[in-house]
Amino acid sequence: MQSLEELLTLWGLRCARCSDAFYAAATRYKRIDTALTILNVVASISVLSLSIGWSTYSKMLLTNPGDGKLPIAVASIVVVISSVLQYVLGCGALSIRYKEVGVEYASLRRKIEILTAIPPQMSELEALRVKYHEIATIAPLVPRGIWSKYARSHPEVGRLERQVQAEAEAQTGPKAEAAAA
């Protein structure tokens, strides 16, 4: 690593990419949860309306009240399926979890920005590294499509990562060992 500033810049950019990706995942899961909720409400209202409407209509005509149960059954099945999907997918809880992790990464990025303004102590750098690791350990996986989008939107992270890796290999590779001997 050429400088402490480059290291902090790399960490800050990684945190920015992660917070962006986690916020996007939170938004995606919130939208899915909202869509399922709206479907549940519309289907439930349909069941209620069809039930009341059909029973009133069939009584007025004095016909067989069982003839119009198919629309009620279909709407009831839609309610059950969408409710089960909403429960099994747990998109509301996932949305909250992704947002929490996004906030953690954004907070860590702000700490890194402060440390770029003042010379940090080694203990502060170690605390940042540990915090980054803790967040990454507890974070749910971001869906591949979202992660790919945000990896492409932050190309400077990849460039810096390749540069750091090349420098590390130069310091620990066979050429460095031969030079040390």
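This is a predicted model: local features need pLDDT of at least 70, side-chain atom pairs count only at pLDDT 80 or more; totals for chains, interfaces and linings use all residues.

Next I looked up burial along H4. Leu 125, Leu 128 and Ile 135 are its buried residues. They take up an arc of only 90 degrees around the axis, so they sit on the same side of H4. The exposed residues Met 122, Ser 123, His 133, Thr 137 and Ile 138 are on the other side of the helix.

Then I turned to confidence. I noted a mean pLDDT of 82 for the chain, with 84% of its residues at 70 or more. Among the elements of the chain, helix H3 (residues 91–117) has the highest mean pLDDT, at 93. The lowest, 52, belongs to helix H7 (residues 174–180).

I counted four aromatic pairs, taking ring centres within 6.5 Å as the cut-off. For Phe 22 and Tyr 98, the ring centres are 5.7 Å apart and the planes meet at 35 degrees, so I logged this pair as tilted. The pair joins distant parts of the chain, with Phe 22 in helix H1 (residues 4–61) and Tyr 98 in helix H3, 76 residues apart. Both Phe 22 and Tyr 98 are buried. I also found that Phe 22 and Tyr 98 belong to one aromatic cluster together with Tyr 29, Tyr 105 and Tyr 132.

Key: Residues are numbered from 1 along each chain as its sequence is written. Side-chain values use heavy atoms; hydrogens and water are left out. Buried means under 20% relative accessible area, exposed over 50%, partly exposed in between (1.4 Å probe, protein chains only). Helices (H or I, at least four residues) and strands (E, at least two) are DSSP runs, numbered from the N terminus. The arc is that of the directions from the helix axis to the C-beta atoms. pLDDT is the predictor's confidence in each residue, from 0 to 100. Rings of Phe, Tyr and Trp (its six-membered ring) pair if their centres lie within 6.5 Å; planes under 30 degrees apart count as stacked, over 60 as edge-to-face and the rest as tilted.
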